[in-house]
Amino acid sequence: MAAFTALFLTSCSGDPSQDSEQTGKGAVSNNAAPGQAPGQKAAAKPLGEGGSLYPRAIRLQHSGEANGRVLASSVSHEGGNGVGEIQESTDGGGSFRQVGTVSAPQAANGKGLCCATLYELPQQVGDMPAGTLLWAASFGQDEKPDRRMSIRVFKSTDHGRNWSPLSTVATASNAKGLWEPEFSIDAEGNLVCHYSDETDPRHSQKLVAVRSKDGVSWSGARDTVTSKLESDRPGMAVVRKLPNGTYVMSYEICAAGGKYACVAHLRTSRDGWDWGDPADLGTRAETEDGKYFLHAPNLAWAPEEGNPQGKLLLVGQAMYTKDGSRAEASGRTIWTNSEGGEGAWREIPAPVAVKSDKLDSCPNYSSSLLPSEDGSKVLEIATDYDGGVCRPYFGTGGS
């Protein structure tokens, strides 16, 4: 995790309600969110009933009769127990209710849980059919006295209601961190897990990938993004595949100082496994007038009328101008690009307007973007402070 580990665990903890599919108790109310995007008729709504962080959203596409449902995940901390919360929407992201939780002893009793991801298998992997859901997170960042963090994977075969342990992707060789897992399928059909790795003494942090033919056994660990400067910290990889087969990765590179510390970068791969020279730090994402995102970028792909390769959407925690000052629309803006991430990006209003301008692990931190099936709209889930509690909010706007 690039910068905000301690804050992630302490500043935004809440006491969210644990709900069952049958009761529907966790259905969202119409309480207004802290902010509202320009041009929206209705304010964004809170996801769930309490505090949680690191939201993710997917639309089921390989799950038979369940296709079209939107599932969202976030991480909460109940009395010291790290829990993954699974919410479901059957109206395209208009409302959500909690349908499942993911818990494990490795995240209980204050051991720590961080930065989870949610993924639907688009094809069979091992004995797991297409439509199987995977959830993975970083475990054990607060375990004492001898911390050994791990990235663990859980699976669901009933659309997020029930979860069971599947595998451990990696376990730290020392007391340093393993953060921010992200799944993709490479061109050979292997399941790939990308993550941020602090355990290499030659690098403060680097991006690593491993892959698996069955989701159980992982091998072939390789660096994907490193830096020649030991102090640099590439992290928070997100991978999307374009219709032409090109894979695009977004990530931040946190550095010792300067206006581009933790700026959002991009790079591409032809097969989703070989990303070229790890020391190639990629391309900084910018608008035509030189604006850039700092911290916790997230990436999405959407279809676009008249463009066979579709468009990419990008969000970051804070937006800055070319001169290094905070942009006026920071926290209320996402970007779009119709050239596979090449060239300049265009600004559009964010569906969720985040009011807080703090640069910690809550406001707009790794917000999730989920375009509609035709690409004309985008659902965003973003976190913001509600008093002293960090809460996720969701809203839909044009893309």
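A disulfide here is a pair of cysteine sulfur atoms within 2.5 Å. The structure is a predicted model, in which local features need pLDDT of at least 70 and side-chain atom pairs count only at pLDDT 80 or more, while totals for chains, interfaces and linings use all residues. Residues are numbered from 1 along each chain as its sequence is written, and side-chain values use heavy atoms, with hydrogens and water left out.

Under that rule, the count is 3 disulfides. Counting bonded cysteines along the chain, they follow the pattern 1-2, 3-4, 5-6. One of them links Cys114 and Cys115, with the sulfur atoms 2.5 Å apart. This link is right-handed, with 110 degrees about the S-S bond. As for burial, buried means under 20% relative accessible area, exposed means over 50%, and partly exposed is in between (1.4 Å probe, protein chains only). Cys114 has 0% relative accessibility, so it counts as buried, and Cys115, also at 0%, counts as buried too.

Another disulfide is formed by Cys254 and Cys262, whose sulfur atoms sit 1.8 Å apart. The torsion about their S-S bond is about 115 degrees, so this disulfide is right-handed. Both Cys254 and Cys262 are buried.

The pair Cys362 and Cys390 is also joined by a disulfide, at 2.1 Å from S to S. Here the torsion about the S-S bond is about 95 degrees, so the link of Cys362 and Cys390 is right-handed. Cys362 lies in the loop between β23 (346-349) and β24 (368-371), and Cys390 is in strand β26 (residues 389-398), so the pair ties together parts that are 28 residues apart in sequence. The elements named in this text are DSSP runs, numbered from the N terminus: helices are H or I with at least four residues, and strands are E with at least two. Cys362 is buried because its relative accessible area is 0%, and Cys390 is buried with a relative accessible area of 0%. Cys193 is likewise buried, at a relative accessible area of 0%.

Next come the nonpolar cores. A nonpolar core is a set of buried Ala, Val, Leu, Ile, Met, Phe, Trp, Tyr and Cys residues joined through side-chain atoms within 4.5 Å. The largest one has 21 residues, and those with the most contacts inside it are Leu134, Val169, Phe183, Leu191 and Tyr195. Two or more residues of this core come from each of β7 (133-139), β8 (150-156), β9 (164-171), β10 (178-185), β11 (191-197) and β12 (206-212). There is also a second, separate core of 19 residues, which includes Ile58, Ala66, Leu71 and Leu118.

What does Leu191 touch, leaving aside its neighbours within four places in sequence? Contact means heavy atoms within 4.5 Å, and the partners of Leu191 include Tyr119, Leu121, Val125, Leu134, Phe183, Ser184 and Ile185. Also among them are Val210, Arg211, Ser212, Gly215 and Trp218.

Turning to sheets, 4 strands make up an open sheet in the order β2-β3-β4-β5, with antiparallel pairing. β2 (53-59) and β5 (97-102) stand at its edges with a single partner strand each, so one side of each is left without a neighbour in the sheet. From one strand to the next, the twist averages 25 degrees; axes are lines fitted to C-alpha atoms, for helices over the stretch in contact, and angles run from 0 to 180 degrees between N-to-C directions. Strands of a sheet pair through backbone hydrogen bonds, either parallel or antiparallel. Two strands are taken to pair if DSSP finds at least two bridges between them. Strand β3 (residues 70-78) is joined to β2 by 5 bridges, and the two run antiparallel. Arg56 stands opposite Ser73 in β3.

Finally, some backbone details are found in loops. Lys144 and Pro145 are joined by a cis peptide bond, with omega about 5 degrees, and Pro145 is in the loop between β7 and β8. In the loop between β8 and β9 lies His159, whose phi is near 60 degrees, a positive value in a residue other than glycine. His159 has 24% relative accessibility, so it counts as partly exposed. His295, which is not a glycine either, has a positive phi of about 75 degrees. His295 lies in the loop between β18 (292-294) and β19 (298-304). Is His295 buried or exposed? With a relative accessible area of 10%, His295 is buried.
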